[in-house]
Amino acid sequence: MIPKIILGKGVRAARRLIGYLYGPGSANEHTDPHLVASWNGFAPDPGRSPHRDPKDVQDQLAAQLDQPVKMLGDKAPATTVWHCPVRAAPEDPILTDAQWADIARRIVAAAGIAPDGDEEACRWVAVRHADDHIHIAATLVRQDGRRPRRDHDIRAVQREAREIETDFGLRRLKAGDGTAAKRPTSKEHFKAKRQGQDTTTREILRRRVRRAVAAASSETEFFALLEATGVDVRPKTGPSGEVLGYSVALPGDLNKHGEPIRFSGSTLAGDLSLPKIRRRLTHTDPEPVPARMADPWHQATAAIERIPDHLSHSNDHIAQGQLVALGGALDLLPLTAPAEAKRELEQAATAFERATRSRITADLNSTRVLRRSIQTILRTPTTTPDGTGLAMLLDVVLIAVAFARHWHSTHQHAQQEAAAQQTLSHLQAAYTHVAVPALDALASRTPNLQTKHRYARHVQQAAPEHADRILEDPAWDALATAIADAEAAGHNPTTLLAQALSQRTLDDARNPARALTWRVYRLGQRHTPSPRAQAATARSTTRLPAVPTQTPAVTPTAAQQSSPVRRR
């Protein structure tokens, strides 16, 4: 159940609101408008007065609501109307008028508009003009001439809504922290539906702005990318000519006056204001550039592999920064994906957007490598055949999002935790689309039986407790190919397997050979170590326990081991 508070100003604010509630709506969506509750139980109802002109009854109702305000004359407050739509979830049962009346009384009591038993409280009415929601309209002067005490009414109403959901058996929403992006209004939803669109203009613009932020390396490039994606951008300048903000619109999206319907960045989402975008673009300290430039897919994969470590061991500000960077990567991944995975990746990015924001300030100093590598992937043709780069990347993204879910859980970020869980579902579907053909391509080059037997002995030596599951996994042929490719590049198979197994336990892996394939593939693509280094590594790996444990870089706590997604 979603309540939303809107304040109104002006001498005719109450009359305008009543006219809207009893009118047809912007898309004729209002049906059978009528009162379900009021401050005194017998307020005039324009929807149930068949022998009177509805306009006259609307005038009468607005006048009665406004009476305490009018009595104050010049001392009346500037803000006179409190408007609270309360909407049920699509899957909730249709509530009766009596149930909506009970909900309305609880909402106005929680908000301080009309506390229980207070006969001098504000005047209010609850109007129903659809099956799934009501509108509560109140005036902000009590009947004794005082102002209502509605401190923190938004939070109070949200808390009451959570209790109402429990009491009425409705879908239970997660408690928020005030950092969620603004939802599209009912009017925006009806407009999109009328135009045959699945997504509102607000959501389309939010996605395009987020992608532009993720892809840009400067403010100039940010605005250029927006324009390149068909967004009408208008910078907001100050007296000195300095750009202070911006607004965006979609071409052809006009109001009744024929003017573009514009959204400022901050109204799309709090982190899309120009000052916050500038901080992401410019306040990121450069990280050392390696002498040997790696493939961007491997750079991005390595950077995302470090996210679980940051979430487990770094301070909260660094961890929050890693989530912002991960969200940026997810924003751009759909642009690199095949058509069959694109939809799921877009939905994953949309879902994870909520998990990138909290009350914790993000430290972005350690995120440049990930941003730069994802941008490079976007701008240059792929160098990985058969989608192996994307499959490899999604493999580690799934782990990172699972750790993000647990991190939000430990910080009691309920909405963000739920968003991360939803993201995992979409990522699993996308991974299946991408990984299956990539694994099939590897399996088509599987080495001969003698070589596979030799690799099987390496597996039994490195991971005896998991060997049977690895060798029976359908992805064993693909893993054997990855080992063969790495060996051909100069890597020692035993050492390589030991390193791959040390990265993360296979205890929770549904498909251990599939999980190992991408680890071996990544390690095999790295620069081949010298014979002396290989010997030193071999000596160190012989001291590993029989069941490989996680390295400190990705070792979660006991609680975390139960939280990340079960691996493929």
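**A helix crossing and the cavities**

In this predicted model, helices α15 and α21 cross in a left-handed sense. Helix α15 covers residues 388-410 and helix α21 covers residues 512-525. The angle between the two is about 115°, and their axes lie 10 Å apart.

Which residues make the contact? From α15 come Thr388, Ala391, Met392, Asp395 and Val396. From α21 come Trp518, Tyr521 and Arg522. Sorted by class, the residues of this contact are five nonpolar, one polar and two charged.

The second topic is empty space. Rolling a probe the size of a water molecule over the atoms shows where such space is left. How many cavities of 30 Å³ or more does a search of the whole structure find? The search finds three. The largest cavity holds about 100 Å³ of space.

The lining of this largest cavity is made up of 13 residues, and the closest to its centre are Arg280, Val324, Ala325, Gly328 and Arg371. Two or more lining residues come from each of α12, which spans 316-332, and α14, which spans 368-379. Helix α12 gives the most, with five residues. By class, the lining of the largest cavity divides into eight nonpolar, three polar and two charged residues.

Key. Residues numbered from 1 in each chain as written. Predicted model: local features only at pLDDT ≥ 70, side-chain atom pairs only at ≥ 80, totals over all residues. Heavy atoms only, no water. 1 Å grid on protein atoms, 1.4 Å probe; cavity = no way out; pocket = protein on both sides within 12 Å on 5 of 7 lines; lining within 4 Å. Points joined across faces, edges and corners; volume = space filled by probe spheres on them. Helix = DSSP H or I, 4+ residues; strand = E, 2+ residues; numbered from the N terminus. Nonpolar A, V, L, I, M, F, W, Y, C, P; charged D, E, K, R; others polar. Axes fitted to C-alpha atoms, helices over the stretch in contact; angles between N-to-C directions. Left-handed = near helix turned anticlockwise from the far one by under 90°. Contact = heavy atoms within 4.5 Å.
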